[in-house]
Amino acid sequence: MSYHVFYNSNREVVWSTNADVNDEIKSAEAAKGFSYLQTNLTDIPQNTEHYINIAKDTVVAKTNFSPTFSTLTPEVDATVNVTGVPAGTEVFLDGVSKGNMSNTTLIFTATEPGTYTITLKKLEYLDYSTAIKTKRQTE
């Protein structure tokens with residue numbers, strides 16, 4: 001089926017439809033800074049599940065992250081190693097961005113007891129989140 005896809009400068013799908021899209025709609029979306037692509041796909045592209053390829057000529061399904069954690073229950077002041085994360089991945093701790101990874105290993109130290117949410121985001125991947133729960137020193 002033919003889909004009309006509008007996307008932003010980061011190649012993220014903003015919205016898509018299989019209904020008719022005229023030049024007036026294309027112009028209005030271009031004024032918002034969105035680019036246009038018409039492509040044939042089996043399912044409607046969703047912004048959480050798809051992105052525009054580097055050539056900007058088709059829509060691609062995002063893939064899953066597959067990180068490996070040394071532990072999800074570290075002792076307080078212990079180091080947690082996370083491997084298998086692509087370079088360029090943005091890392092969030094409890095919803096706050098901690099920056100983009102420059103290599104494929106993330107290392108952090110759990111300095112206080114509690115539960116923390118680690119979220120990984122990258123254009124070509126489905127967002128990934130997991131909880132890290134530190135053990136209390138008295139346990």
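Predicted model: local features only at pLDDT ≥ 70, side-chain atom pairs only at ≥ 80, totals over all residues.
1. Residues are numbered from 1 along each chain as its sequence is written, and side-chain values use heavy atoms, with hydrogens and water left out.

2. On to the sheet: 3 strands make an open, antiparallel one in the order β2-β1-β3. β2 (13-17) and β3 (35-40) are the edge strands, each pairing on one side only. Strands here are DSSP runs of E, at least two residues, and helices runs of H or I, at least four, numbered from the N terminus; two strands pair if DSSP finds at least two bridges between them.

3. β1 (residues 2-7) and β2 share 4 antiparallel bridges. Y7 sits opposite V13 in β2, and V5 opposite S16 in β2. Their hairpin has 5 residues between the strands, with R11 at a positive phi near 70°.

4. The whole structure has 5 salt bridges (a side-chain nitrogen of Lys or Arg within 4 Å of a carboxyl oxygen of Asp or Glu). One of them joins R11 and E124 at 3.9 Å, N to O. R11 lies in the β1-β2 loop and E124 in the loop between β11 (115-121) and β12 (128-133), so the pair ties together parts 113 residues apart in sequence.

5. E29 and K32 form a salt bridge too, with the closest N and O atoms 3.0 Å apart. E29 is buried at 8% relative accessibility, while K32 is exposed at 55% (buried is under 20% relative accessible area, exposed over 50%, partly exposed in between; 1.4 Å probe, protein chains only).
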